[in-house]
Every structure is written in C-alpha cells, then in structure tokens.
Amino acid sequence: MRYTIIGTASKSFPVADPFVSKATTAPDAEIVIYLDAPLKPDPARAAILIELGDESLAEHVGEGGIPNVLGFARYRNGEDAPSQLIELVRQPNAAEAAIDAAKAMFESAGFPVAVSSDQIGRIINRLVLPKYNAALRFLDEGLGTQADMDLTCKLGLGYPDGPIERVVRGGLANHYARTKALFDTYGMSSYAPPRQAIVAFNRSQGSGGSRSMKGQLGF
Amino acid sequence: MSRKISTVGVCGAGGSMGAGIALVAARAGFRTISYDVSNETLVRAGRQSEAFLDKSVDRGKLTKEERDKIVSGMSRTTCVEALGECDLVIEAIFENLIIKQELLKRLDAVCSGNAIFASNTSTLSITEIASGSRNPERVVGMHFCLPAQLMRLIEMSPGILTSGETFSTAWEWTKACNQIPVKTQDKPGFILNALLVPFNNDAIRAVEAGVASAEDVDRAIKVGLGYKMGPLELIDLIGLDTQVRLCETFYPITLDPRAAAPPLLKRMVAAGLLGRKSGRGFFSYEGNAMFGA
C-alpha cells in the first residue's frame, strides 16, 4: 500500500528514516501521513494518519471523529531514539478498514502496531509513567539506592533497564512534560510530575535544555 | 562483622519457593535441612530438586560428583526440633503474619541463641514478623525471586530491631550462595512488588477502560519497553487470585489507589479465570485467544 507524507518535522521519524524515504510522491497514494502539518480530510483515502504528541486525536478531528482518520506515534522514551512500536490511535467510530490499512502499512515496514483508544498517554505512557513516578518517590524516601532499585528490576523482572536509569536517560524535564499532560487530563496523583522532574524542568527553563540537566542532578 | 553459617534450615520447603531456597543453600555447600508439615510435599519437592540437579548435570553445569555431594548435604524433616542445630533458618511458609510469628516462637524454643531467622515474605513487614520472636534483633528479611534456584536477586531488609551483625551475616551468606543481594527498607512489597503490583493493576484497568485489548497492551509493553513478558501475560502466570491476594495485602497498608484490586480482576477470579493454572485468564491457553478486552 502506497503512502505519502506531508510535513517534515517528526518525533517518530527523524530525518533520513527509511520509512520516510520510501514514501511516494504520487497524488493518489492510498494513505496520507501528516507530520506536524494541518489535516485535510479526504474520504477517498484508505486511511489518513496524524502524528500525535501529548494531545488526543480529538483535538484534530473533534470528538465525533472522521472514520478514516487515525492518530499515531512511534513510542520513544523521552529523548531516546524511537522504539519500533507504533501506537495507532482510533476513535470509537474509526473504520476497521482504515485501521487494517494503517496496520498493514506499518507492519510491512517492520513496525509492530498496538491499537489504542484516543487517550492521552495512549498505552505505554499511561502505564509506565506512574511506575517511574513511584520509583522516583521511593528514591526520595530512601527505600533503596538508585543502583539497587534499577538492579532489582533488571534481575527480578528481566527489564532491559531500570526505571530510574531509564527516566533519567530520557530526560527528567521531558518526563515532567509527559506526566503533566496526563495529570492535567486525568487529575490522578499517580501522574503528578515528581519532585525531581519539576526541578529538572524549572532548571531547564533557566538554563536551556533538559539534556544539559542530566549530569547536574547527581543520579 | 558477620558470624559463620554452616547449617541452614528452610521452612516451607515442600513448596516451590522453599524447595528452590533449599537448593540454593545446598548448592553453595551448606548442610541444608528442609522442613515442612507434610512429608508428602517434602518428598515431592525432593524429587523435583533432584530432577533439577540432573538437568544441570545434563547441561554440563554440574558434574555427577557435585550433584551427588549436593544431594547428600540435603535432608528433610517434619519435626521442627530438627532445626535446632541450624545457624540460619529461612522461612518460606504461607504469607500470613500470625502463622509466621507462631513459627518464630517455635524456632525460638528449639534453636540456639545465635541462630538467625530470615523471612522470605514478599509483602509483610519484617518488623511485624520479628515481633513474634523473643529475639527480633536476629530476624531479617530475605526475599528470593521465583524460581529461587535460577533467579539471583535477593531483596534484603532489616527490621527496626534487626542487629547490624544479623544483617551483615545474612548478607554475606547470600553472597556465599552466589546470589545478588540488594538492600531495601522494610516497606510493603520492598522494591520489586511495590513497583510491580500497581503496574500490573494499571494494565488491567487499561483493558477494563477499553484503552486497548490485552493483546495490544502486552505487545506495546514488550516492543516499546523491551520487557520479556507483558503485564497481563505475567499476571496469568502468577495467577489472578494471587494478584488479588497481593492487592489485599498492599492496599490496606498503603492506601494507594493503584494497589487496590481492579473490579475486572475480581470478576475474572469469581468466574474461575485464574490464568495459566486454570487454562484461561487474560489469554486462553488452549486456543491462545485473547480475553478481557
């Protein structure tokens, strides 16, 4: 299935990504992907995809949605390189044919797809951010050292990396932004930005960039 | 400063965790006494342990001589008095505070004044368990991971009254067993379960709220985060009823809403969908179909 891409800036597909270079310029591509560009509905397309950040698909198409318009994001841990996972976002009235077409396109390009309803945080951030927040809180409370908490998760659960090393690597200021989006939407304390992320964010506002904060937090 | 450990007792050694701990001790060269109330479960666990060691020989991880030496260092008993000679007794019995405290009282009566008592509890307070002993300074938390004979991590927790000597002796013993200890405070779930139980509940709630199917939740977590197992597959493995019990222990202590058992979990347990052991949980283990979306 042919796809065309409109727009360039993308967190999912950095410049020179093979997926982007294989896009067609043909005007009649079955799928249109919008990367940071305004949506133009077109019911003739098999599927239209909008890259999402922290916002919901409804912000682009309204709560009623458009059957062949879906959202998507390639999951990445903060400022880490994107993972292979595509979170495909659907609204209740999404056309199954559009979902099937989008899944087939991504999977044929080597991206496993998980379908999510139109929720802030989609699947992964909704589930892991509270865990990272808890780990950071436990660290403050002295439950264990960062090294022991990360080691426990790696040895005891087989995780490839520990929760604290992961959130620090992805950028604590970035973690602040992700958790704040969920907290503002759902109001649940488990999503509230943790102390360390607030500190990192505030410092980044004053000294330019979350990455520069990594080495200054003493982790 | 730590004391010398020569003989180790394991209470609840008829169960899979206790049997695994006994193997860890015996494999490290400690004389090991497996204790349980049922001789039948002890015999069965002994057979399983020997089968495990036989496989280790087959895979070249042990020689036949090493295997025989380990087995000869293991004995079993249904008589708690037989633990009197132990320098270290590790309990891995039913996760119930009163029962653990009663066991400690019995061990106080039969063991020497230097013996150390370690609890493998995953959720209960070490300090509360130790309050059942006349010697709380000799009680320490020593939480192994299942299967203990394969997993090297041990969460080590001192209770409020645990002496430094007790903790360091127990810590050094775990290292002598080629395990990897980490130190945690005496808090519900220590590190592992304090992070895992609410996370697993959140995954159940995501399915219940229609965020994604069980299959999509697990795929997202495995592909996106690199976990070996998705949370719902993991709950199926440990048992949905076990997850409910963990929640019932955690929630009253922590009052953390994430630790409360999700309604879907309770409904599935009521329906007999307990996970792998019943053939169906969030996934079916006959047709591998998904359930719960």
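Two strands pair if DSSP finds at least two bridges between them, and strands (E, at least two residues) and helices (H or I, at least four) are DSSP runs, numbered from the N terminus. With that in hand, welcome to the close-ups. This is a predicted model, in which local features need pLDDT of at least 70 and side-chain atom pairs count only at pLDDT 80 or more, while totals for chains, interfaces and linings use all residues. Residues are numbered from 1 along each chain as its sequence is written, and chains are lettered from A and ligands numbered from 1 in the order in which they are written.

**View 1. Strand 5 of chain A and its partners.**
Strand 4 (residues 69-74) of chain A runs antiparallel to strand 5 of chain A, and the two pair over four bridges. One of the residues to look for is Arg74(A), whose bridge partner in strand 5 is Ile86(A). Strand 5 and strand 6 of chain A pair in the parallel sense, over five bridges. Here Glu87(A) has Ala114(A) of strand 6 as its bridge partner.

**View 2. The two faces of strand 5 of chain A.**
In a regular strand the side chains alternate between the two faces of the sheet. Strand 5 (residues 86-90) of chain A is mostly covered, with five of its five residues buried; buried means that 20 or more other C-beta atoms, placed from the backbone, lie within 10 Å of the residue's own, while exposed means 12 or fewer and partly exposed is in between. On one side sit Ile86(A), Leu88(A) and Arg90(A), and on the other Glu87(A) and Val89(A), all of them buried.

**View 3. Helix 4 against helix 7 in chain A.**
Helix 4 (residues 124-141) and helix 7 (residues 172-186) of chain A pack at an angle of about 115°, with their axes 11 Å apart; axes are lines fitted to C-alpha atoms, for helices over the stretch in contact, and angles run from 0 to 180 degrees between N-to-C directions. From helix 4 of chain A, Asn125(A), Arg126(A), Leu129(A), Tyr132(A) and Asn133(A) meet His175(A), Arg178(A), Thr179(A) and Leu182(A) of helix 7. Contact here asks that the C-beta atoms of two residues, placed from the backbone, lie within 7 Å. The residues of this contact divide into three nonpolar, four polar and two charged, where Ala, Val, Leu, Ile, Met, Phe, Trp, Tyr, Cys and Pro count as nonpolar, Asp, Glu, Lys and Arg as charged, and the others, Gly among them, as polar.

**View 4. Where chain A meets chain B.**
In this interface, 37 residues of chain A are in contact with 36 residues of chain B. Strand 6 (113-117), helix 4 and helix 5 (146-157) of chain A each supply at least two residues of the side that touches chain B. Helix 4 of chain A gives the most to that side, with nine residues. By class, the chain A side has 22 nonpolar, eleven polar and four charged residues.

Look for Arg219(B) in helix 8 (residues 214-225) of chain B. Why is Arg219(B) partly exposed? Arg219(B) is partly exposed because 19 other C-beta atoms lie within 10 Å. Leaving aside neighbours within four places in sequence, Arg219(B) is in contact with Pro112(A) and Ala114(A). Within chain B, Arg219(B) and Gly230(B) are eleven residues apart in sequence and 6.9 Å apart in space, C-alpha to C-alpha.
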